[in-house]
Amino acid sequence: MNNVIAILAAEGGESLPLEDSPNPLIPPLYDIVWSLIPLAVILWLFWKFILPKFQQVLDERSERIEGGLRRAEQTQAEAKEELAKYKAQLAEARSEAAKIRDDARAQGQQILADMKTEAQAESERIVTAGNQQLAAQRQQIIAELRSDLGRQSVDLAERLMGEQLSDPVRRSGTIDRFLADLDRVPGAGKN
């Protein structure tokens, strides 16, 4: 129907108020102006109030992240230092333990050597004491045997001679002669 009206209007030479067909993609100028004013107010409010808060939140967040990274790096550096200290202490402890083991071995060997020396000295002392005791016992036994032998020889001599050797001087002289004769007998006094 618009076409018919447009054709009739064109024949008469008169132009109709709706003759220019509006472009549906371009809005009228008054709509554009009234839309730009609230947009400008909203942009200004956004720029003035919301954007600074948003920027502040972003700055705080980035500061927290950077601070966390710095703390993490610092903690990691401290951990590396502590690890190096721990390794140094461990190496020192191992070397000290090795030194203590070596010292203990040396002391053990020294103690063994001292104990062997003491045992050897004690053994020699015991052998010497035993030899001295044996010599003393031998001398005592020899003295006892001589006196026993002397008495028995006096008794035997009294029986053979038929006289009594009661005089101590005589008795002692007889005993000494008998023992001297006994010492001269081969193999008798060398036991």
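Modeller: Lys-85 and Glu-82 form a salt bridge, with 3.9 Å from N to O. That falls inside the cut-off, because a salt bridge needs the nitrogen within 4 Å of the carboxyl oxygen. Both residues sit in helix H2, three residues apart, so about one helical turn separates Lys-85 from Glu-82. Neither end is buried: Lys-85 is partly exposed at 49% relative accessible area, and Glu-82 is partly exposed at 48%.

Bear in mind that this is a predicted model. Confidence in the chain is highest in helix H2, residues 29-161, at a mean of 89. It is lowest in helix H1, residues 2-12, where the mean is 56. Where pLDDT is low, the coordinates should not be read in detail. For the protein chain, the mean pLDDT is 82, and 80% of residues reach 70 or more.

The structure holds four salt bridges. Another of them joins Asp-102 to Arg-105, with the closest N and O atoms 3.5 Å apart. The spacing repeats the theme of one turn: Asp-102 and Arg-105 are three residues apart in helix H2, so about one helical turn lies between them. Asp-102 is partly exposed, at 44%. Arg-105 counts as exposed, because its relative accessibility is 51% and exposed means over 50%.

Arg-70 and Glu-63 make a further salt bridge, and their closest N and O atoms are 3.1 Å apart. Arg-70 is partly exposed, with a relative accessible area of 46%. Glu-63 is partly exposed too, at 43%.

Now the aromatic side chains. The count comes to one aromatic pair. Its members are Trp-44 and Phe-49, with ring centres 6.4 Å apart and planes at 85°, so the pair is edge-to-face. The class follows because planes over 60 degrees apart count as edge-to-face. Trp-44 counts as exposed, at 52% relative accessibility. Phe-49 is also exposed, with a relative accessible area of 52%.

One annotation bears on this stretch. An unreviewed UniProt entry marks residues 32-51 as "transmembrane region". In the model, residues 32-51 are 100% helix and 0% strand. The end C-alpha atoms of that stretch are 26 Å apart. The label itself comes from the UniProt record.

Notes. Residues are numbered from 1 along each chain as its sequence is written. Side-chain values use heavy atoms; hydrogens and water are left out. Rings of Phe, Tyr and Trp (its six-membered ring) pair if their centres lie within 6.5 Å; planes under 30 degrees apart count as stacked, over 60 as edge-to-face and the rest as tilted. Buried means under 20% relative accessible area, exposed over 50%, partly exposed in between (1.4 Å probe, protein chains only). UniProt positions are given in the numbering used here, feature names are shortened, and annotations may be inferred rather than shown by experiment. Helices (H or I, at least four residues) and strands (E, at least two) are DSSP runs, numbered from the N terminus. pLDDT is the predictor's confidence in each residue, from 0 to 100. A salt bridge is a side-chain nitrogen of Lys or Arg within 4 Å of a carboxyl oxygen of Asp or Glu.
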